[in-house]
Structure formats: C-alpha cells, structure tokens
Amino acid sequence: GEPGLKNYYKDYFPIGVAVSPQVLKGPEAALIKKHFNSLTPENAMKMGPIHPEENKYNWAPADEIAQFAKVNKMKLRGHTLCWHNQTPNWMFTDTKGDTVTKEVLLKRLKDHITTVVSRYKGTIYAWDVVNEAIDDNDSKYLRESAWYKICGEEYIAKAFEYAHAADPKAKLYYNDYATEEPGKRERIYKLVKSLVEANVPIHGVGLQAHWSIYEPDADAIRESISKFSALGLDVQITELDVSVYKLEHSRRERRPDDIDTYTPEIEQKQAERYKMFFEVFREHKKQLTGVTFWNVSDKHSWLDSFPVAGRKNYPLLFNQQLEPKKAYWEVIKF
Ligand code: XIL
C-alpha cells in the first residue's frame, strides 16, 4: 500500500498533527497512525482545559493523547503553557474578584508550569512555552494581555525558566502566527534575541503557519526560518493549514463574499501552494525540527469557525471523507 506521509519525510523531519481525544477514537485514528509520527494536543493541555480551577487539574484528555502517542511510538509536543486565550479567569483574580499582584500571578504561573511539565517529563520532547506574546500592530511590541499588564515583560523569561527547571531535557519554544509579516517577524526576533542574550532557556521558535492559498510567498518563509535559526535556535512549523480564503486574523464579521465553496480551481491552487511550502521546508531540513498540521482532515478544522463562525474551510491534506487531496500527492512527490 501507499506508505504514508511520515515515511516520505523520514530523512527530513517528523510530521505531526493536532488532535483531540475524540479524533483518536474516531475514524481518523487509522489515518493518524499511517501518516503522522508526532502529536500535539489541540486544546487538552491549554491552561483553561487542563487547570480549570486553582486546585483542580483535568488530566484525562491530555493523558489520553499522551497514551496514544506512547502506544503508537509517536513524538509528543506540549501546547501551550502561557497564552492570552483559553486561560481561566481565576488565574488573574483573587477570591474577591480583584486583580492579583505580579507576585501572586508569577507564583501561580510557576505552580502551573511546574505541575504540568513535571507530569509529562520525559514524554513531551518539546513545549510551546509562551504563545502569541507579540502584538500584531507595527506601532506596538508586546501584546497587552493580562500577563503583560500584571507582570510586565518579565513573565516571558520566567515561563521559560519554570519549564526548564521542571524538565531540563525538554526543548522550549516561543510560538506565534504571522511570523512572515516583516514587522511582526522583527518584533518576534527582538524578543527571542533578548531571551537568548539573557541566557534564558529557549531552544526554538515555532512558526504556526496558518497560511492561505494567497500568502505568504516562498521568500518570506525562507527569511523567517533563516533569521530565527541564525540565533542558534531550532525552528518548527507548528500549526500548518492552508486556508482557501484570504488571511484576516482580526476579522470577526461574516461578509456576503464568504463563498463556502471549494472549486476544482481552488483545490488546484491549494495543491500548488502546499507543493511550494514543502519545497521550502525540504530546503531547510537542517533548520526545521518538525512540521505539524493543525487538525487531521477537512471534516473538521478550527478554521470552520475562525475568524468567522459558519464559514466552511478546506485547509488540510485530507478531504471530508478522509481521502488524500491533490495537495497530498504534491507534498509526497519529490
Ligand atoms: C485553536 C483550536 O484549534 C480551537 O479548537 C480552539 O477553539 C481555539 O484554539 N493558535 C494556536 C492554537 O496556538 O492553540 C489555536 O488552536 C489556533 C491558533
């Protein structure tokens, strides 16, 4: 039979996929085993899902994913320890509902990271420690999240230090999107360079790669990979998908021209983009330590409800029947 994506790429990098416990129990399971040799929990290890109350951890979904990875001899990435989204409100407030001090928040962050990283020590080989801390606006620098407002810049270095103390062998990543936009690329570079220079234990930069059939171009991707790896850091593609719509991260409204159709022309254009993206990845096999897709197939993608609800997307290599699409055949042809 057909050998599967991971086998074509065995001399390049692991091929990963973001999963929920549900897809591991569904018809997707066989496809996941055949094509992928790395897993990332799509939501199960985020602060809200895994640590819903101060003294309560919800381990079951994360453990199921870790167990599937172990049984099937797959790598496991951890995602994510510190983010502005999917973080429970209790983290930032005291019992009266007032905002906590910097000291309290850093203590809570330390407890969270120590507990989660220790549980998966030796199992998770790489963690997205801090996710999306950079602002999208070219006139700004760090995102004004609750983390930043309460702690200032310091929470970022602290998060890496706590994670490193809990598992000194884990590879620690800063992870973000739109890393190919020149202004944002520069801001991310400024941040990670300052961490490296301060001897903070950071080992890599994750390029989320929520891309589209229109952008980015090959040179923009090359520039990002080269620039970050020149700091001595590993680079990973952590959340790859190729939207059939133009990228508009900040959009929240549906418009009449949101077409919800996937024509043969669009499928063809998408196949060409995937071909180009993987050519660039293969060029950089020395710098790239992994390529992970965000979701398994077009049956379900987070882009079906982002940035607007109710607009179907078709961003992956497998269709809604879990069959390989044109893009798949381009990605394995080399
Ligand atoms: C997304 C998940 O796929 C969704 O299920 C969830 O509702 C929201 O988060 N950047 C990230 C990921 O780092 O954690 C996000 O995942 C997608 C964007």
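A pocket, as I use the word here, is an open set of grid points with protein on both sides within 12 Å along at least five of seven lines, and its lining residues are those with an atom within 4 Å of a point. Keep that in mind for the first part. The model you have above is a predicted one.

Let me start with the largest pocket. Its volume is about 560 Å³. How many residues line it? The lining has 32 residues, and those nearest the centre are Trp83, Glu132, Tyr177, Trp302 and Phe306. By type, the lining divides into twelve polar, eleven charged and nine nonpolar residues. Two strands, S7 (210–212) and S8 (234–243), each contribute at least two of the lining residues. S8 gives the largest share, three residues.

Next, the ligand. There are 13 residues around it, and the ones that come nearest are Glu42, Lys46, His79, Glu239 and Trp294. For His79, the distance from a side-chain N or O atom to an oxygen of the ligand is 2.7 Å. Glu132 faces a nitrogen atom of the ligand instead, with a side-chain N or O atom 3.2 Å away. Glu132 is also one of the residues nearest the centre of the largest pocket.

Now the backbone. Most peptide bonds are trans, and most residues other than glycine have a negative phi. Here are some exceptions. Glu215 and Pro216 are joined by a cis peptide bond, with omega about 0 degrees. Pro216 belongs to the loop between S7 and helix H10 (218–229). Another cis bond runs from Phe306 to Pro307, with omega near 5 degrees. Pro307 sits in the loop between strand S9 (288–293) and helix H12 (326–331). Asn295 is in the loop between S9 and H12 too, and it has a positive phi of about 100 degrees although it is not a glycine.

Last, the aromatic rings. The whole structure holds 20 aromatic pairs. Ring pairs tie residues into a cluster, among them Tyr9, Tyr12, Phe13, Phe36, Trp211 and Phe334. Two lysines also sit over rings. Lys227 is over the face of Tyr189, 4.0 Å from the ring centre, and the charged end of Lys312 is over the ring of Tyr314, 5.7 Å from its centre.

Notes: Residues numbered from 1 in each chain as written. Predicted model: local features only at pLDDT ≥ 70, side-chain atom pairs only at ≥ 80, totals over all residues. Heavy atoms only, no water. Phe/Tyr/Trp six-rings, centres within 6.5 Å; stacked < 30°, edge-to-face > 60°. Lys NZ or Arg CZ within 6 Å of the ring centre and 35° of its normal. 1 Å grid on protein atoms, 1.4 Å probe; cavity = no way out; pocket = protein on both sides within 12 Å on 5 of 7 lines; lining within 4 Å. Points joined across faces, edges and corners; volume = space filled by probe spheres on them. Helix = DSSP H or I, 4+ residues; strand = E, 2+ residues; numbered from the N terminus. Nonpolar A, V, L, I, M, F, W, Y, C, P; charged D, E, K, R; others polar. Near = heavy atom within 4 Å. Polar contact = N/O pair within 3.5 Å; in protein donor to acceptor, adjacent residues only side chain to side chain.
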